[in-house]
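Colleague: Please show me the model, and then let us discuss how it is built.

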Amino acid sequence: MHMSDALVSPAVAVTAGAVAVALVATAAVRLKREYTPHTLPMMGVLGAFVFAAQMLNFAIPGTGSSGHLVGGVLLAAMLGPWAAFLTLTAVLTLQCLLFADGGLMALGCNILNMAAVSCLVVYPLLFRPVAGPAMSFGRMSLAAVVSCVMALLLGSAAVTLETEMSGVTALPTPTFLGFMLPIHMVIGLVEGVATALVLGVVRRAEPAMLETLSRDVETTARPARPVMTLAVVAVVAVACAAWIPTVASEWPDGLEWSLLRTAETENPSAEPSAMSAAAASVVSATALLPDYKGALAGVIGALILVTVAFVVAWAVRSPWPRRRKRDGR
Amino acid sequence: MGDKLLGALRRLSLIETPQHSPLHSLDGRAKIAVTLLYLVALLSLPLDSLAGIILMSLVPIAGWAVGRLRGRTILRWALLSLPFTVAVGAFNPLLDREPVAEVAGVTLTHGWITLCGLILRGVLSVSVVVELVLSTGVYRLCVDAGRLGVPAVVVALVLMVYRYMRLLMGEVLTLRMAVDARRQRRGALPMRVWARVVGVLLIGSVRRARWVGMALEARAGGGVPRFRLPATKWRTTDTLFVVFSAVVITLLRFVDCCL
């Protein structure tokens, strides 16, 4: 997923670079404020560990191919978001300089696509809430898989948008996304399983290590706030819902296409059967937004979806640790 | 797998091998500035401006000659970055079929031209970065980036990763040999075995980091460690190099506009 210089225009490179520089400066300031003698060695050695671990491939069962660790979510789980972000930035810089993985001008894009997305977006908004404060093996594994998939999906979507904005490909955005997202979802799944296995080994061999590491490195690590998480997810969902209908294709979807091929007309003149008439009446009676069009329907749909997700999450969430009653009360 | 690891270790050794050439003797800051200027000029060229992109290759060729660098190493390094670039550009000939020229009876479409432009741009942009790294070394490059304003903690972190990278790669090689000897075969490891190997490496790395932290605390009082190298002074040759390169790069960019 490393973008090379050839894929970015100067405008995109400079804009992404400016955002990356701002994030790196913020991380550096935060780190300097909370600096302990163990901070830098921990980050440096774990960054080197990511490089070394990438040299070991594992066989992907049933495919005959192999993969390796990427390490973004693993670093965030061990170091905390800001320290992991800086460490991944250092790793990406060295990958660019030593292994031609990504270009110097595209470094800002790569920092945003890989380091910022996995450490500053996915880790606090997804890994922490899913893993929970106790970090049981099951929840930690689930968190690792979900986070890796989401990090790679968001990262690959960002790569697509940056490439399209640079104007170097004739591929339309939806088609490009159609190529990138499924591939990266599979890679994310494999990466997630690998991350979960490694965290599992560490947890079994050195149970205290995972708990003490983030305390050693980043004292600013705070428990995730579910309300904040949901607010951010809701804003992103609403923004996507408002934007996606504006770029939706006017061509028929798969079902409509096959119907057209079969009937060779958009509105088959044949009389509908009794079953389809009954189904149509049920749909028209229950549809909230019949003949939906435009951004408003998308926004309303997303809001409904987020509300339902919120209610479900609220219902199944594990009990949040409550404050102990003070003595004498 | 072992080859990949050995190749990476060999490359790291190659970078820090001291060499002497006019390019090596220049200040790292001057080389960073010229590299960035070249990249901006190269990337600002339209993809279908093949003549301009080909002209731009004069700069890395000059760097290769003046720096007495190995062309095969630079090219091999540059080709490593191509797969994703080619994958993205491969659709251009299929989707953009506007004919632009005819060469020996073969019609060249705009898509083919942009694909060639993309590949050339990829090779050239990596080549200049490789030349920068090979002629400066990572330690000097990072220290000079710090002198250009990169925060000290970021410089120290990059150098810390770089320093321990080689050490941990050596450990991976040992672990790998042990695992292969036990399995009596090479190739990708089963996931469960892989997780144990990487887990052991991770635990060892954390322990090592704690020792390094203690050593730093004892030695430097716990502050951000400074990586010191013999100081280089900005000389007239550096100024001349920057001015001359800027003029040449601008001219090359300008010549393309005239073509």
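Predicted model: local features only at pLDDT ≥ 70, side-chain atom pairs only at ≥ 80, totals over all residues.

Modeller: Residues are numbered from 1 along each chain as its sequence is written, and chains are lettered from A and ligands numbered from 1 in the order in which they are written.

Colleague: How many helices are there in chain A?

Modeller: Helices (H or I, at least four residues) and strands (E, at least two) are DSSP runs, numbered from the N terminus. Chain A has two strands, and its helices number 12.

Colleague: Why is H4(A) described as largely enclosed by the rest of the structure?

Modeller: A residue is buried if 20 or more other C-beta atoms, placed from the backbone, lie within 10 Å of its own; with 12 or fewer it is exposed, and in between partly exposed. In chain A, buried residues make up 43% of the 329 residues. H4(A) is largely enclosed because, of its 19 residues, the number buried is 17.

Colleague: Which helix supplies the largest share of the side of chain B that touches chain A?

Modeller: Residues are in contact if their C-beta atoms, placed from the backbone, lie within 7 Å. By that criterion, 64 residues of chain A meet 74 residues of chain B. Several helices of chain B each supply at least two residues, including H1 (2-16) and H10 (152-183). The largest share, 19 residues, comes from H11(B).

Note on methods
Contact = placed C-beta atoms within 7 Å.
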